[in-house]
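Hi everyone, thanks for coming. Today I'd like to walk you through one protein model, looking at its pockets and its salt bridges. Have a look at the picture while I talk.

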Amino acid sequence: MASSLICSETQSRVSSVLNRDVKQYGKKYMFDCNEETCWNSDQGECQWVSLEFPKSVKVSELKVQFQGGFSAKTCRLEGCPKDGDSAVLSQFYPEDNNSLQSFPIQEAPAVDKVKIMFENSADFFGRIIVYSLDVLGERAS
């Protein structure tokens, strides 16, 4: 059964943080289970979040909650094994609202890193606001 792949050893990186204010808008707020906090990107094209897992994983689902007006219109999930090349695992198209959205990932190979590319934003300046992000699947054996 699929469960959250994000743990304390998962390393995360983001493309940017609004005004570099990580205390208020940092990446950690996507994973803190607090609906009052969020990661807020700075402006610019193609914002992203990358996750590196301690062990290889098979991703089966992505869950993301944007702030309406600051969601991505087109997203791409890329993955790569430890020493391999990145490959597109899935494309998905979120709705521009505040609800938690779920995107199934079909037959993804085992990967050590994933990168979620927010290719374009509903916001005129390209900002993305994410209240919650989770990657579900299984640890590869």
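Okay, let's start with what kinds of residues line the largest pocket. They split into 3 nonpolar, 5 polar and 5 charged. And please keep in mind that this is a predicted model.

How much space lies in that pocket? About 210 Å³. Its lining is made up of 13 residues, and if you want to find the centre on your screen, look for S50, L51, K113, V114 and K115, which are the closest to it. Now zoom out to the elements: β2 (11-14), β4 (47-66), β5 (72-80) and β8 (111-121) each give two or more residues to the lining. Hold on to β5 and β8, please, as both names come back in a minute.

Next, the second largest pocket. Its volume is about 160 Å³. The lining includes M30, F31, D32 and C33, and also S132, L133 and D134. Which strand gives the most here? That's β9, residues 129-139, with 3 residues. By class, this lining has 6 nonpolar, 2 polar and 3 charged residues.

How many does the structure hold? There are 3.

Let's begin with R76. One of its partners is E78, and the closest N and O atoms of that pair sit 2.8 Å apart. Is E78 buried or exposed? E78 counts as buried, because its relative accessible area is 15%, and the cut-off for buried is under 20%.

R76 also forms a salt bridge with E119, where the closest N and O atoms are 2.3 Å apart. Here's where those two strands come back: E119 is in strand β8 and R76 is in strand β5, so to speak two distant parts of the chain, 43 residues apart, linked by this pair. E119 has a relative accessible area of 24%, so we call it partly exposed.

The remaining pair is D123 with R127, with 2.8 Å between the closest N and O atoms. D123 is buried, at a relative accessible area of 11%, whereas R127 is partly exposed, at 22%. And to tie things up, salt bridges with shared partners join R76, E78 and E119 into one network.

Technical notes: Residues numbered from 1 in each chain as written. Predicted model: local features only at pLDDT ≥ 70, side-chain atom pairs only at ≥ 80, totals over all residues. Heavy atoms only, no water. 1 Å grid on protein atoms, 1.4 Å probe; cavity = no way out; pocket = protein on both sides within 12 Å on 5 of 7 lines; lining within 4 Å. Points joined across faces, edges and corners; volume = space filled by probe spheres on them. Helix = DSSP H or I, 4+ residues; strand = E, 2+ residues; numbered from the N terminus. Nonpolar A, V, L, I, M, F, W, Y, C, P; charged D, E, K, R; others polar. Salt bridge = Lys/Arg side-chain N within 4 Å of Asp/Glu carboxyl O. Buried < 20%, exposed > 50% of the residue type's maximum accessible area, 1.4 Å probe, protein only.
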